[in-house]
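Colleague: Hey, I've just opened this one and I'm new to it. Can you walk me through it?
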Amino acid sequence: MAEVFVFATLNGLVTGLLLFMLASGLTLIFSMMGVLNFAHASFYMLGAYFAYTLSTYIGFWGGLLIAPLIVGCIGASIERYGLRRVHQSGHVAELVFTFGLAFLIEEAVQLFWGRDTKNYQTPEFFDFALFSLFGQEFSAYRGFMIAIACLIFAALYFILTRSRVGIIIQASISHPQTVANLGHNVPLIFMCVFGVGTALAGVAGVIAGPVLTTFPGMATVLGSIVFVVVVIGGLGSLPGALIASLLVGLLQSYAIAADVGMPELLNLFGVSFDSSHPLDDLWTLNLPQVAPVLPYLLLVLVLIIKPTGLMGNREQ
Amino acid sequence: MLKVTDLHAYYDKSHILQGVNFHVDAGEIVSLLGRNGVGRSTTVKTIMGEVEPRGSILFKGKEIAGLKSFEIAHRGLGYVPESRDIFPTLTVRQNLTLGLKGKGENGRWTIDEMFNMFPNLAERADVPGGVLSGGEQQMLCMCRTLMGDPELIMIDEPTEGLAPKVVEQIGLLLQEIASRGVSILLVEQKLSIALKISSRLYVMGHGKIVYEGTPQSLLGAHDVRAEWLEV
């Protein structure tokens, strides 16, 4: 039992921190610009594909360094030459723009890299066990994923709350015109934030590509769950995104690990159904089967109890 | 230093500024007076690039009409808005840091000097700006703009809603600013500090300058005061 719990926790941490890498960029962009970027997970996919191609020439570390830079530059260019113009037409136009962009990127990926799954593997130097517990090994690469995510959170938190750049970014969120009057180029700041946000998604793609497989549908797989995380955490809140990512990761992981069926749960409350009951199919599901639905259930619960999310303070 | 010629500005179809002409010389304190709604705030907002200008705005001999706000600030113009716009979640020190331009190097003003001038701000250096009193927020807002080392600072209604003692303090600060070679364009509705510290005054009415003179000449111009200033 302890063995299941420990490994479910570790796997939940890995999934949660991977979600955080994606959610941090998305929430950063939203808090700064008020833009809900539907194409955010597409930048994650681009990160994985660029890293796959680059790793064949300059190795894994080169890919980890260059691929997010390329993705960030693409993101910044999209903000500068696309989103900034669309922004003048309001939020609906922005949503449609980013929605279209997600399709465009997916098609482009299929055009350049094809529809098949790419052989993007974890590098050989990570092929060892970081530690063993209860006879099971925890791979070094998963430990590396955790370390990168923690590093990103620490760096972002430090930059946003302690540095002058962070102060300018925070101030630009609430009073962009006042910040401009003080001599700061707010549109340039917005462009850089969008670029950094998409680069973070790129980092997540580089790291997750070898574990979750690199294929054209990878953005769709994570796209909706990242939005769930950001809304649960509170739109625009970085600590909220971290807490929500871990919550969702652990929730899914525990649900998958728990070998419990609905009948056992219902029996605890003295409820039982026989096999002729019309809802029999529903009540005979087990917890691993409903695991993918749980984050959405959590989302609904959080929105009912605290509509701004766990740590959000934006009313709109 | 600042020369505004035939300045027009619009809010949608409303013609707010209808050919404003005035100038501010180096080291001068000049006041722009008038009742609510005559276009005083719009004039400074237009100079600062917040409202699209039509006409000429020369600053240090170069045209700045049409430039973006941050570019105008980099040319050496500072603006303290009527709304103050203190960043409520940032501390007093962070609010001041925000005023530094470019790489964040100090000009002729430092945070320590600001704290020496206003011990109240020093005592509350690490307190969020949002919890300061109205007078303290006004001081902080002016100090924040000064941190960017402007050569001319435009201050919109700094005494609005403040106690007489604080108004007096603000008058002293404005004189201190001018003594360091910074020109001031003071936008005011009331005559109180404007008459005491200004070298010249302009009175606005219906989107135009309707009177130009010194504090002494305005004191004698009863008809101007009655028609354009008194409520």
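Modeller: Let's begin at a turn: in the hairpin of S1(B) and S2(B), Asp12(B) has a positive phi near 55 degrees. That hairpin has 2 residues between its strands. Keep in mind that this is a predicted model.

Colleague: Okay, and how many bridges join S1(B) to S2(B)?

Modeller: There are 8 bridges, and the two strands run antiparallel. To pick out one pairing, Leu2(B) has Val24(B) as its bridge partner in S2(B).

Colleague: What's the strand order in the sheet?

Modeller: Reading across, it goes S2-S1-S4-S5 in chain B. It's an open sheet of 4 strands, with antiparallel pairing.

Colleague: Which are the edge strands, then?

Modeller: Strand S2 (14–24) and strand S5 (62–63) of chain B, each of which pairs on one side only.

Colleague: Switching to chain A. Where does Arg142(A) lie?

Modeller: In helix H4 of chain A, which covers residues 140–162.

Colleague: Is Arg142(A) buried or exposed?

Modeller: Arg142(A) counts as buried, because it has 20 C-beta neighbours inside 10 Å, and the cut-off for buried is 20 or more.

Colleague: And what separates Arg142(A) from Leu13(A)?

Modeller: Along the chain they're 129 residues apart, while their C-alpha atoms are separated by 9.5 Å.

Colleague: Last topic: how many residues does the contact take from chain B and from chain A?

Modeller: 18 residues come from chain B and 15 residues from chain A.

Colleague: Which elements give two or more residues on the chain B side?

Modeller: Helix H2 (69–75) and helix H3 (92–98) of chain B. H2(B) has the largest share of the side that touches chain A, with 4 residues.

Colleague: What's that side like by class?

Modeller: The side of chain B that touches chain A has 8 nonpolar, 7 polar and 3 charged residues.

Methods:
Residues are numbered from 1 along each chain as its sequence is written. Chains are lettered from A and ligands numbered from 1 in the order in which they are written. This is a predicted model: local features need pLDDT of at least 70, side-chain atom pairs count only at pLDDT 80 or more; totals for chains, interfaces and linings use all residues. Two strands pair if DSSP finds at least two bridges between them. A residue is buried if 20 or more other C-beta atoms lie within 10 Å of its own, exposed if 12 or fewer, and partly exposed in between; C-beta atoms are placed from the backbone. Two residues are in contact if their C-beta atoms, placed from the backbone, lie within 7 Å. Ala, Val, Leu, Ile, Met, Phe, Trp, Tyr, Cys and Pro count as nonpolar, Asp, Glu, Lys and Arg as charged, and the others, Gly among them, as polar.
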